[in-house]
Every structure is written in C-alpha cells, then in structure tokens.
Amino acid sequence: MALDTRNETIHSMTRRTALLMPALALGSHALAQGAGATDKPQRGGTLSYAVTAEPPTYDLHQTATFAVMHRLSPHYSTLLAYEPGKYPNIIGDLAQSWTISPDLLTYTFKLHPNVKFHDGTTLTAEDVRVSYERLRNPPKGVSSFRQPSFAQIKSIETQDSLTVVFRMVKVDASIMDTFASPWNSIFSAEKLKADPTFPVKNVMGTGPFKFVEHVAGSHWVGERFNDYFKAGKPYLDGFRAITMTPSAMVNAMAGKQIMAEFRGFTPNERDRIVKALGADAQTHESPWMLHMLMNFNCEKKPFDDPRVRRAVSLAIDRWGGSANLSKVSQLGSIGGLVRPGSKWAASEAEMVQWPGYGRDMAANRAEAKRLLKEAGYENLSFTMINRNQQPYITAGVFIIDQLRQIGVKVEDKQVEIAAWYSAQTSGNFEALLDSFTQFSDDPTNVLVKYISTDRAPDVAIQRAIDRELDSLFDRQAEMVDPVERKKLVRQFENRLLDQAYAIPILWWQRIVVMETRVQGWTMSPTHMIYQDLADIWLK
Amino acid sequence: MAMLTRLLKNALLFCRLQPLGALGLLIIVVMASCAVLAEQVTFYNPEAVDFGAMLTGPSAEHPFGTDSFGRDIFTRIVYGARTALTIGFLSSMIGCHIGAAIGIASAYHGGWVDLVLQRFIDIILSFPIVVLALVVVAVMGKTMVLGIDLNLVFAIAIPIIPRSCRVIRAATLSIRTQPYVDAARAGGYSTVYILLRYIAPNVIAPFLVLLTAYIAQAILLEASLSFLGLGVTEPKPAWGLMLAGDSANFYNEAPWMILFPGLAISLSVFAFNLFGDSLRDWFDPKYRN
C-alpha cells in the first residue's frame, strides 16, 4: 500500500516559533522527524488526556463515536491494524500472519499464541469467529453499526485454536480494511455466549490496558496489562481520560492539567495552547477524513426537486470558504465524497466540472437563480437543522450568507446532539448540516453515506432512492484494480453531485496539540485509529 | 395643549432634579432610535460575511472593526440593540405584569390565598435568577415568532415574576388598609373593581420603577443566556452572543470583538438602572421635595 503522510506535519514548539504558528503549521515534512523521534521509549507514567463527550455505550461494535473509541481502544485488539506512521499500510494485530487465496475468496489468519484476555483466559480462533459472527449477524438485542461491510462474508471457520478462515460470497475490495477496522474489536467468546450484550456494560479485552473505572462526567482510568502479548508494551503505567468541554480543554491544556487531546483543535485554540505552553507544546496537522455536508430530505418539498438541491450547491463558494474559513476554524480543504489528498480523490480539474465547484461564482449564482425560477422557488426559504457547536456554527453562518446572495432565506436551527440525531432518524428535517467520518479512505467505507436510503438507513439519511448510484457503489466494492475502481468512484461522485441528494461543503483539517513529553503517538487523517496507546511513552 | 405644556414642564423639572436619570433616559432614547432605525443608521447587513475584511481593526469604514467573518461590529451592535430591547422590554413587561397581578391579589385577599401564593413565590425565589432562566430555556427549547424566540422571553420573564410580586404585594398591603379602600368595600363595589380602580393605580409608581429596573436585568440575562449558547443563536446579532464563540479565541488579535459588545451591554444596563433609580426618587415625595 502507498504511503500517505505527505500532508502531515509535526512541530516541537519554542516560544518564538509559537508566535509564528500559523505560518509554521504548513511547514515541511522534514520537521516531522523532529524532537524525540530518535529517543528510546521509557517505561512508566500515566497519560492524562481529554475527551469532550461521554460514551453512550462501552460496545465498539454498536457505536461510531470517538467518545467510545478514545476510551475503549486501549482495552481491545483487532485482527489487523493500520501500521503506525504508515497509514494506510495494514499489519497484523492479533493475526501473526495471513494468506489470501488467488481468487480473493478465502482469507486465512494465524493468530499470535498465548494472547491473554484481561481475566487471564487465553484468546483462541473461536473468540475471533464469535466476535465476527456478532458483527455480521448480530443476535437479538445487539445492533451491528457497520453490518453492511460484512455482507460478502459467507462463512467463518476455525481450523485449529489459532487459525481462523473467512470465506467470501464474492470479492470485496475493502475486506482488508474491514479486518483492520478499530471498531471490530475481539471479545471473549465465552462471555458473549453467556450474554451477547456483555460488552455494552463491561470492558474485557486483550488490549494493552486493563479497565479500572469510569466515573460518568468525570474520568475513565486504565492500567497497564502486564500480560499484553506484544513484548515490552505498553510503556505507560496507565492512562486517565478526562471528560471536559472544548473550552475547558483548551484551558486545561494551557494549564498543563492534561497532556493531550487526540481529536482536534481549531487554529485559534492551537495558537492559544502553543502560546501558553511554549517549548513544551508539539502540534500535528493533517487533512482530516471528516467533512461537512448538507443533507436534503429528498422526500419533502422543495428538496424533492433536483433543480432546487443543485441550486443550493451552486450558491456555495467553496473556494472562497476554504481560503478564509480555514483561518478561523477547522474547515479547510475542498473535496468531493472522498478525502482530498487520498489516492481516490478527484483532481481540481475534475472537481471544477461539478455543480457548485466552478470558480466563477457569478455564473454559478446566475445558474442557481435560473434553476430556482424554473422550479418555481424564487423566494425559497427553509430551515436547516444544525448542531450547536463549532465548527457547525461557523459552517451555518457561511451557508446562510452564501444562500442569501441568491435570495434564499435559511433559518439555522441549532440543536443539542440528541435532537440532531433524532432529526436524522425521524426524517423530521428539510435540510440538515451533517458531518461524516470513517476509519479509512476506502471508497466502500465512505460512499455508503450516499447510497439509497433503503440500503443503509442508519447513515444515508437523504431519503433518496437511486439505483444507478447503488450499482456504481456495488461495482466499485468488487473492483480490485485500483485504477478501474477510481474511475467508478469518479462516476459515483459525478452522479451524486449532479443529483445533489447531499452536498459536501468543506473538509476538516485535523490539528492535534500535546505536550512534548508525550512521545510515540502517530498522527493520521482519522481520529479513530492509533488510539490503543500501546506505543505512547512519556519523556 | 395644556397637557403638552404640563408634560414638557414635568420633563424639564425631571431633568433639573434628576440629571443622571435624564442622562440614562437619553441613552435609552438613542439606543431605541438605533434599534428602530437600524437600516438608516448603518448600511451594512449584520449577517453578511465579508472575507476580505476579516478581523479588521476600527477604521472609518468599520468604526468598531469587524469579526472573524468580516461582519461589521458597529452594525451588529446597532441591530443587537433591537434584539436586546425587544427581548428586554417584552420579558420585563410580562414578568412585571404577572408578578404585579399575583402580588395585588395575594395582598388584597390575605389569609390562605396569600399564604399559598407566597410560599410558591418563596420556592421560585430560592433559585438564582440565571439558573432558573437556564433551566426554563433548556427545557422549553425554541419557539420563533416574528424572529423572536418566545420561549427565551418567557424564560427571562419567569424569574422576574416573584421579585415583582414581592414588591407590589408590600405596596398593596399598605394601600388595602386605607380608608378609601374600606369605603369602596362598604359601598358594595366588586373585588375586581376595587383592585382595578383603587389598588392598581396606587402601586403604579413602584411598578414603573420595577419595569425599568427589570429591563436592565432582562437585557443582562438575555446576554448571559446567549453567551452560554442558550439564547439567541448565530447569525442573528445579539450582544451576549458577540461575546461568545470566536471572541474568546481572538481577544489578543481583535480585542474590539469583545470590547464594543461589552460596552454596549454595560451602557444599556447602566442607563436603565440610572433611569430606574431616578424614577423611584421622582415618584417619592420625600426625595422630590
């Protein structure tokens, strides 16, 4: 797999450089080999970091929020994993080795011997089989959040206590990413057989840290698992994840009450922390596998009309927004449905052909007005459901202003996250400002958001049915040749952006700030991977 | 004509006897004029984003500078006055009127009615004013009517009710024992008639003082709730909201983002408090003489 670290930067800060932060933030890759890279890891210490939300469950199979991932990942292992520092290279985690049949229909994994669960029992192939059966065919009372990604698995067999075989119905170009997914944690078969919902309220895996306690609204504590199967790891004695609000987090970082936060800060927050910490701050930046998009409810007027949806997309000056909003928020790059900079992304020449991506905004807005007039919605006004936190608020202000310029009036209804999710599931919205993230750039992972609602009701909330899109999605999912697959991805984007069931606004920029004494952590374009803390040590 | 002359004479007398109150009134009049004539006072759109002018300092073009979206802060303060005065005035009116009605009824009836009503008022009074408003606005959500969040107005009005009730009840207690009230009762007038004809007009002085004082409180409360993200939301201009969000992140590079909205809040509260205090003195014969 190709390396994709070109756009990542890491800086070890001095007070003087801190003041030049905005310029340095886009610094050279040479700095990525900066302070601490050659130091030898040291044992000991407790890492304290912030998480801005409470976990709604302890079960990684049944959720998609970082609030769970950033607390639970240190307690679990997966079959495969992304190689630290070399995303998207895949390496073994529980799997010591694996073979793939020439027809790509059989995957055989040999597990590490003597892998222990935190209760002292030994992990076997049966634990992997039962965990994956739970993922692809969840029992009553359990929901598998990413169930469609296991659709091509025909059977899972154990050949011996350390060998597990996955047989496929047909080729799945994304299956290795599925095996490396941080969400597909391996649970104890014994515990699952006794109670399929065991992981919802209990934490017991084979990961580098054992669970100690969770005090809701306060903290989550883990301690070193001395029988962890990777020799010498983890380096830390333990970790303490502290629950706090984003504003408290900035102050806590500046005051050294916490050492890190792994999701991301805004440029201004970064500058404030770096200014406060001076030489003790390090920052990492990367384009983020997370984008802001506007979903339309295609079942309701006026957005059942593609002309109205396209007009809204045409009115948004993404190029101007990108250049300027990136100075004051996490919103940054322009892209389609796949992450800009990834190997699947469209070139600028391809993007400017899409409605709303052309650089001539006067022409775009004239066309938008024409479409609205043609559709009979010259004085269009609608309500947009939005979240009441950044950068959603910034995106809302931007969108309202852009649509005002074609005479469209938008009411920005900012709500709490529960109401926001409720609007998505109930379909009680006209337009909804949304964001979407995945653990990898793999197109199947990403494009699922835009297929027909009846095929992916949890994520494809636009309530549109488009079998042409579904067909393109299925074809790319089976296509192993990356060149041909990329062509299919492009066709999918062309179709989606022409129909505009949902329209991407801008992609986010990930900015992570931590103290320089935190070493061994790997930056990536997603905040969902590299969070098991096994490689982290304190200087 | 005679009435106008008397009104003018009284106004001049008020200015001479209560110069600080007159200053407060002047500020309120200027603020209200700005709110009503916002489109004439400034030609910028308060919600229009101008990337070319992001975080620009005060200048002839933007006298109070611009925010992180390039929006003119002077314009947003002028339009913000509309938000502050509308919510402040409506909340204070609703809160003071309901409070006064309960206070008059409670004091006039006395006995178990007074006992029950006052214990209920005690319960509401035990909540700090901001906490009570926070709870109400969090529970009720938003109901927008003509661009005004009615739930926000009620959330601010509710904490005003018990405070207004207490003051008006105290005033009513002294009035209800007056001989002219006894005479009206002996004359066979109905309770409603007595309350409206003899009690209510005689508590108008403390009521007006309360009304002005609580407009200031309501403006402050609206700013606090907006600052906490529970009041007015972006992109609508509101002073408290202007102090929240990005302002905290830019206080070094763009101090005008917090300076001018902060001044607007302080000045308006100061003006209403000055005017309210002077009004109290004006209505009090002891001070007036």
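## Helix 2 of chain B

In this predicted model, helix 2 of chain B buries G21(B), G24(B), L25(B) and M31(B). Looking down the helix axis, those buried residues sit within an arc of 125°, so they line one face of the helix. Turn to the face pointing away from that buried side and you find the exposed residues P19(B) and V29(B). As for what does the covering, the list includes helix 1 (2–17), helix 4 (73–109) and helix 12 (256–283) of chain B.

The length of helix 2 of chain B checks out too. It runs over residues 19–36, and at 1.5 Å a residue its 18 residues should span 26 Å; the C-alpha atoms at its ends are 25 Å apart, which agrees.

## Where the two chains meet

Over to the contact between the chains: chain A puts in 17 residues and chain B puts in 15 residues. On the chain A side, the elements giving two or more residues are helix 9 (267–277), helix 11 (318–328), helix 14 (392–404) and strand 15 (409–415). Which of them gives the most to the side of chain A that touches chain B? That would be helix 14 of chain A, with six residues.

Sorted by class, the side of chain A that touches chain B comes out as five nonpolar, seven polar and five charged residues.

## Two domains in chain A

Chain A splits into domain 1 (59–200) and domain 2 (288–509).

## Strand 17 and its partner

Strand 17 of chain A covers residues 502–515 and is mostly covered, with 14 of its 14 residues buried. Strand 13 of chain A pairs with strand 17 of chain A through 11 bridges, and the two run antiparallel. To pick out one of these pairings, N295(A) has A502(A) in strand 17 of chain A as its bridge partner.

Now for the local backbone details. P302(A) belongs to the loop between strand 13 (281–296) and helix 10 (306–315) of chain A.

Then there are two residues with positive phi that aren't glycines: K256(A), at about 65°, and R463(A), at about 60°. K256(A) is in the loop between helix 8 (246–254) and strand 12 (260–261) of chain A, while R463(A) is in the loop between helix 16 (443–447) and helix 17 (467–478) of chain A. Is each of them buried or exposed? K256(A) has 12 C-beta neighbours inside 10 Å, so it counts as exposed. R463(A) has 20 other C-beta atoms within 10 Å and is therefore buried.

Key: Residues numbered from 1 in each chain as written. Chains lettered and ligands numbered in written order. Predicted model: local features only at pLDDT ≥ 70, side-chain atom pairs only at ≥ 80, totals over all residues. Helix = DSSP H or I, 4+ residues; strand = E, 2+ residues; numbered from the N terminus. Expected span 1.5 Å × (residues − 1). Arc of directions from axis to C-beta. Contact = placed C-beta atoms within 7 Å. Nonpolar A, V, L, I, M, F, W, Y, C, P; charged D, E, K, R; others polar. Domains from an automatic or database assignment. Pairing = 2+ DSSP bridges.
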